[in-house]
Each structure stands twice: as C-alpha cells, then as structure tokens.
Amino acid sequence: MHPVYIIIIAIVAYAVIMGVMALSRGKRSHFVCPKCGNNFQVKGAKYLFSPKTFTSHYVTCPKCGYSGMMDVEPGAK
Ligand SMILES: [Zn+2]
C-alpha cells in the first residue's frame with residue numbers, strides 16, 4: 001500500500017475516534033444557562049460542531065435563547 005493511504009486512513013480513524021468520544025461526552029454532560037438557570041443537554045452534531053474550548057462550549061439555551069460560552073458540567077441532566 002502507498003504510504004499516503006496509510007496517512008489518510010490514520011487521519012480518518014483519528015477524526016472518527018474524536019467524533020465518537022465527543023458524542024459520548026455530550027451524552028454525559030450538560031450546560032447551565034447563566035441567564036435563566038436552565039439545565040439542558042446538547043447532543044449529537046450540535047455538540048460536536050459547536051465552537052468550544054476544553055471546558056466550555058458556545059451553545060444556545062433552548063429555554064430563553066441566550067447564546068454564549070457555557071461551561072461543560074459533568075453528568076447527564
Ligand atoms: Zn436560558
């Protein structure tokens with residue numbers, strides 16, 4: 001096999017693993033809205049593709065519509 005294919009496969013495998021990890025993390029974490037105090041979870045692609053740092057995500061509160069960086073709280077809602 002050409003070495004380039006091995007690199008491509010490694011990158012794809014890495015992306016898939018990171019995606020699966022992020023999705024499982026999304027199921028086990030929640031956010032607390034700083035405006036209205038609503039607890040909510042963001043799942044799937046929304047969690048995966050939301051702008052984020054290691055400890056917070058840019059998400060939108062489903063109750064009051066506030067958007068901003070919110071800390072990822074451990075545990076499901
Ligand atoms: Zn809110």
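F40 sits in strand 2, where helices (H or I, at least four residues) and strands (E, at least two) are DSSP runs numbered from the N terminus. This is a predicted model, in which local features need pLDDT of at least 70 and side-chain atom pairs count only at pLDDT 80 or more, while totals for chains, interfaces and linings use all residues. Residues are numbered from 1 along each chain as its sequence is written.

**Around F40**

- F40 is partly exposed, with 15 other C-beta atoms within 10 Å; a residue is called buried with 20 or more other C-beta atoms within 10 Å of its own, exposed with 12 or fewer, and partly exposed in between, with C-beta atoms placed from the backbone.
- Setting aside neighbours within four places in sequence, F40 is in contact with H30, F31, C61, P62 and K77 (contact here takes C-beta atoms, placed from the backbone, that lie within 7 Å).
- T60 is 20 residues from F40 along the chain, and their C-alpha atoms are separated by 9.7 Å.

**The overall picture**

- Two helices and five strands make up the secondary structure of the protein, and along the sequence they follow the pattern α-β-β-α-β-β-β.
- The protein is more spread out than a compact globule, because its radius of gyration is 16 Å, well over the 11 Å that the globule rule gives for 77 residues; the radius is taken over C-alpha atoms, and the rule is 2.2 Å times the number of residues to the power 0.38.
- Along its principal axes, the C-alpha trace spans about 55 × 20 × 15 Å.
- Of the 77 residues in the protein, 10% are buried.
- Among contacts with a separation of 6 or more, 55% come from residues 24 or more positions apart.

**Helix 1**

- Helix 1 covers residues 3-27, and A10 has its place there.
- The end C-alpha atoms of helix 1 are 37 Å apart, which agrees with the 36 Å that its 25 residues should span at 1.5 Å a residue; the expected span is 1.5 Å times one less than the number of residues.
- Helix 1 is hardly covered, since the count of buried residues among its 25 residues is one.
- A10 itself is exposed, with 10 other C-beta atoms within 10 Å.
- The C-alpha atoms of A10 and P62 are separated by 37 Å, and the two residues are 52 apart along the chain.

**Strands and how they pair**

- Three strands form an open sheet in the order 2-1-5, with antiparallel pairing (strands pair if DSSP finds at least two bridges between them).
- Strand 2 (39-40) and strand 5 (73-74) are the edge strands, each pairing on one side only.
- Strand 1 (residues 29-32) meets strand 2 in the antiparallel sense over two bridges, and V32 stands opposite N39 in strand 2.
- Strand 3 (residues 56-60) and strand 4 (residues 67-71) also run antiparallel, over five bridges, with H57 opposite M70 in strand 4.
- The hairpin of strand 3 and strand 4 has six residues between the strands, and G65 there takes a positive phi near 85°.

**The nonpolar core**

- The largest nonpolar core has six residues: F31, V42, Y47, V59, M70 and V72; such a core is a set of buried Ala, Val, Leu, Ile, Met, Phe, Trp, Tyr and Cys residues joined through C-beta atoms within 7 Å.
- Not counting residues up to four places away in sequence, F31 touches F40, V42, H57, V59, M70, V72 and E73.
- In soluble globular proteins, nonpolar side chains tend to be buried together.

Note on methods
Contact = placed C-beta atoms within 7 Å.
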